[in-house]
Amino acid sequence: MNHQLYDFGMIGLGVMGRNFLLNVADDGFAALGTDINEESVRALNAEGEGMNVKGVHTQKEFVELLSKPRKIMLLVPAGKIVDTVIEGLLPLLDNGDIIIDGGNSHFDDTNRRYEYLKTKNIRFLGTGVSGGAEGARRGPSIMPGGDRSAWEVVQPILETVAAKVNGEPCVTYIGESSSGHYVKMVHNGIEYGLMQLIAEAYDILRRVGKMNNDEMSALFSQWNQGRLNSYLIEITASILKMRDDKMDGHLLDVILDKAKQKGTGKWTSQTAMDLGVPVPTIDSAVTMRGISAFKEFRQDMSALFDVVHPEAPAIKGEGLAAAVEESLYFSFVICYAQGMHLLAEASAELKYDLDLEGVARIWRGGCIIRAALLEKIRQAFGGHPELKNMISADEFRDELYRSRDAITEVLHLANERGIPTMCMSSALQYFDAFRSERLPLNMVQAQRDYFGSHTYERIDQKGVFHTQWD
């Protein structure tokens, strides 16, 4: 009989769960896993041969082999499955045991589970994990929120398995209740925006600059050595040069232009609207994925409308590349700014008490949106803890203003040729709107008062007013 007790347990041994558990075992902790799929259990035992890791087939055996307080992480699909697994565990657990939901659960569900498990004397952490399968194996960014005492118990394990930047682990306690999953949701919203911005830059280089895939791959590799250094720029360079193994040519050119989504970008837009926080670049990225899904309709529409300015010549050379790089950097800053502003407002509204400097710090490594830019973001919020929107920070203010001419010119070239740039355009409009002392929303308020008696305020005296317009 095996009398060893294991330090950390994982329910859900798909690629992510298995890799995360092997990462735990790599770092000296005894790791135990289980899954309803027997093949997944066998895969863990095969991959973990010679390591202090074990897969078992029943939850009863799984729970019995964990040291107390039990530390159990779930990496199963978000939704009802999480509740089902939790209900199955509860009769087997003792007071003070810890459940960690590491999936992409909606923060409302996490709030509900957090409060419910309190009544059962079970400690709960809703924990965002970013980095994909490779990150789970080599070091992800981890965003735990919920019971602080539970965090203190699992802290040594999570700090050990997380990615490291300058020796600092990319994990920190986010806050109470659903804060961890909320931060991960916004991370994914920013991810949507950055991915679409890169796609638009690619489209401009391809259609305005007539650059081929290999030329663009070299350019993105060059950009990855500078201020755009990031995981997404790095993989874009790799994607562009990949050859197709089924026919002659590049793989990217035969991939259907219909992007799917799992919902976290949409959730970010929805909660931002609920809180009245503008995130138009993230919204536009979600919208573009929606438009992409209507492939057949787009094909019909393309036959109905002539190409815009088909005679427009290609614009090649370093000038275009430099302008697109500047536009992409400008838009990256704006996209991060929108996400961080949403976190700042949500922190106050939902009483998360988020440390935005800490959030930027743990996003610097392991996660999908990791980028050199996040160090400047960390410094901006570290130097100004009350900062809400980083476009006003010294670290970004001047360079955003200097980049405006470049992005305006790039968008002019795209508009002239009918190239859709919804995300990049939204970034510029967001910046211009916030730097405008006076917006034309006085007209909107007048209209609202005209047809609905909704009242308005005046610039020359205090109070609320209504006019009988007709």
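The model is predicted: local features need pLDDT of at least 70, side-chain atom pairs count only at pLDDT 80 or more, and totals for chains, interfaces and linings use all residues. Residues are numbered from 1 along each chain as its sequence is written, and side-chain values use heavy atoms, with hydrogens and water left out.

**Domains**

- The chain divides into domain 1 (8-177) and domain 2 (184-434), with bounds from an automatic or database domain assignment.
- The domain centres, taken over C-alpha atoms, are separated by 32 Å.
- Domain 1 gives 26 residues to the contact and domain 2 gives 21 residues, where contact means heavy atoms within 4.5 Å.

**Sheet and helices**

- An open sheet of seven strands has the order E3-E2-E1-E4-E5-E6-E7, with mixed pairing.
- Strands (E, at least two residues) and helices (H or I, at least four) are DSSP runs numbered from the N terminus, and two strands pair if DSSP finds at least two bridges between them.
- Strand E3 (53-56) and strand E7 (141-146) are the edge strands, each pairing on one side only.
- On average, neighbouring strands of this sheet are turned by 25 degrees against each other, direction ignored.
- Strand E1 (residues 8-11) and strand E2 (residues 31-34) run parallel and are joined by four bridges; Thr34 in E2 is the bridge partner of Ile11.
- Helix H1 (residues 15-26) lies across E1, E2, E3, strand E4 (71-74), strand E6 (123-130) and E7, at about 170 degrees to E1.
- Helix H2 (residues 38-47) lies across E2 and E3, at about 165 degrees to E3.
- Axes are lines fitted to C-alpha atoms, for helices over the stretch in contact, and angles run from 0 to 180 degrees between N-to-C directions.

**Binding-site annotation**

- An unreviewed UniProt entry places the feature "binding site" at Asn104, Ser130, Gly131, Gly132, His187, Asn188, Tyr192, Lys262, Arg289, Arg448 and His454.
- These positions span 351 residues in sequence and their farthest two C-alpha atoms are 48.8 Å apart, so they do not all gather at one spot.
- UniProt positions follow the numbering used here, feature names are shortened, and annotations may be inferred rather than shown by experiment.
- Lys262 sits in the loop between helix H10 (231-241) and helix H11 (264-275). Lys262 is exposed, with a relative accessible area of 82%.
- His454 lies in the segment after helix H19 (441-452) and is partly exposed, with a relative accessible area of 38%.
- Buried means under 20% relative accessible area, exposed over 50%, and partly exposed in between (1.4 Å probe, protein chains only).
- Leaving aside neighbours within four places in sequence, His454 is in contact with Arg448 and Asp449.
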